[in-house]
Amino acid sequence: MAEVMAGPANPSSVHAAGRRALSRLRHARDITAMAMGAAPEDVVFTSGGTEANRLALAQADGPVAVSAVEHASVLEAGPAALIPVDADGVVDFDRLDDLLCSLRPALVSVMAANNETGVIQPVVEIARRCRAIGALLHVDAVQALGKMPTDMLALGADLVTVSAHKIGGPPGVGALAHRPGLALRPLQRGGGQEMGRRAGTENLPGIVGFASALSSIEAAEAGRVAVLRDRLEAGVPFATVVGQGAARLANTSCLILGGVRAEVQLMRLDLDGIMVSAGAACSSGKVAASHVLTAMGLDEVAARSAIRVSLGWASTAQDVDRFIESYSRLAGLATRAASPT
Ligand code: PLP
């Protein structure tokens, strides 16, 4: 990234520096395509997951259906019917079947794994149902990238979104991959970049950083993090683990501490040097009950008492133990405050 930022780096320029930039862009596209199980010409670089999601949903030639636990960039992309989820946050197949039959959507969007709970959706089965009625399936794999298989074939999807910052890459860059032969309609016109599917000079430093982060993903990391996550959850038996009955990503734990507002938990943990999120980190700052948790049937009080603990490549067993200690103290304080004597 530093090398790219040091010099002129417009892949559309015809001079030598431009040709070098084009070669870097092609190399980064090859790496990204490989990670997504797509052909290089079927990958469009974007300014992140949000734009890729919006580009994907713009491909619908008719009604759209999205799961009730999608990221805001999907939920607010346009009018869409909501597919309900069960108490673990997994798409309710009976309701999905009803919707596919009654609405006949042109496009269905279901995320690979949820950003607040880590709950994994049975995307392959959803893809089969979509294919049966000729609907396109878009999968937001932003949270899942690097933590479970997210290639187009494994997911059975027609469109897949990824974003760099979730795997340690730079923020502000992502990609949308599509199945071969799909004529992608651009959202952003006014330039021939990205084969006419996304106008604007490419963010080459970001794209190169993204490819570099993709190349650094270590398959064994998910196993190491799963051990830490299990240690963490076992250490806080007084908390409710959201989505415990479903398959979940190894790095995410959504915990409810009954009756203690998430923002209070956040501040207390922060004082101990522990950084966690309330609700969706993408929208932290606004303290509203999470739409994901309310879609799972949790009441307002429980939903407002949930925090998301994310573990990453830098997390250690000592970090987990420090969290357990601080969170247990917090739970103790809450219990004492609630007791009459
Ligand atoms: N989709 C999911 C599941 C996310 O968690 C996020 C944000 O982190 C996005 C989409 C948006 O991605 P970006 O921040 O790259 O626009």
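Modeller: Happy to! Two strands count as paired if DSSP finds at least two bridges between them. Please keep in mind that this is a predicted model.

With that in hand, let us look at strand S7, which covers residues 174-178. Strand S6, residues 159-163, is joined to S7 by five bridges, and the two run antiparallel. Within this pairing, Leu176 of S7 has Thr161 standing opposite. S7 has another antiparallel partner in strand S1, residues 43-46, with four bridges joining them. There, Val43 has Ala177 of S7 as its bridge partner.

How many of the residues of S7 are buried? Five of its five are, so the strand is mostly covered. Buried here stands for a relative accessible area under 20%. In a regular strand, side chains alternate between the two faces of the sheet. In S7 both faces are covered: one side carries Gly174, Leu176 and His178, the other Ala175 and Ala177, and all of them are buried.

Now follow the chain onward from S7. The loop between this strand and helix H8 (204-215) holds Arg185. Its side chain meets that of Asp61 in a salt bridge, at 3.2 Å from N to O. Asp61 sits in the loop between helix H3 (49-57) and strand S2 (64-67), so the pair links distant parts of the chain, 124 residues apart. Arg185 is partly exposed at 33% relative accessible area, whereas Asp61, at 67%, counts as exposed. Side chains of opposite charge can pair when their charged atoms come close.

That pair is one of the 17 salt bridges found in a search of the whole structure. Others sit within a single helix. In helix H13 (residues 317-338), Asp319 and Arg322 are three residues apart, about one turn of the helix. Their closest N and O atoms are 4.0 Å apart, and they form a salt bridge. Both are partly exposed: Asp319 has 32% relative accessibility, and Arg322 has 40%.

Conventions
Residues numbered from 1 in each chain as written. Predicted model: local features only at pLDDT ≥ 70, side-chain atom pairs only at ≥ 80, totals over all residues. Heavy atoms only, no water. Buried < 20%, exposed > 50% of the residue type's maximum accessible area, 1.4 Å probe, protein only.
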